[in-house]
Amino acid sequence: DIDECALGLHNCNLTETNCTNRLGSYNCDCPLPGYHSYVPAGGTYRICMGKLDSVTVQCRYKCSGDKV
């Protein structure tokens, strides 16, 4: 198994997600509960998206619970 995170062989946007190596793969994890990572239309890297007060918001930097 190779460590895609350590070798930069992933598509995680590291300003918003944490790359976690898994056996045979990796995950782009969002640090706040209720957020998930996805690749936006036309995008290349996985970013975080979540729900706050019924409004979908995108993290612009490391999700910390602060307003974005």
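View 1. Cys48 counts as buried because its relative accessibility is 0%; buried means under 20% relative accessible area, exposed over 50%, and partly exposed in between (1.4 Å probe, protein chains only). Cys30 is also buried, with a relative accessible area of 16%. A disulfide, meaning a pair of cysteine sulfur atoms within 2.5 Å, joins Cys30 to Cys48 with an S to S distance of 2.2 Å. Cys30 lies in the loop between β2 and β3 (36-38) and Cys48 in strand β4 (residues 47-52), so the pair ties together parts 18 residues apart in sequence. Helices (H or I, at least four residues) and strands (E, at least two) are DSSP runs, numbered from the N terminus.

The model is predicted: local features need pLDDT of at least 70, side-chain atom pairs count only at pLDDT 80 or more, and totals for chains, interfaces and linings use all residues. Residues are numbered from 1 along each chain as its sequence is written, and side-chain values use heavy atoms, leaving out hydrogens and water.

**View 2. The disulfide of Cys5 and Cys19.** The sulfur atoms of Cys5 and Cys19 are 1.9 Å apart in this disulfide. The pair links distant parts of the chain, with Cys5 in helix α1 and Cys19 in strand β1, 14 residues apart. Both Cys5 and Cys19 are buried.

**View 3. The disulfide of Cys12 and Cys28.** Here the S to S distance is 2.0 Å. Cys12 sits in the loop between α1 and β1, while Cys28 belongs to strand β2 (residues 25-29), 16 residues away. The link is left-handed, with -90° about the S-S bond.
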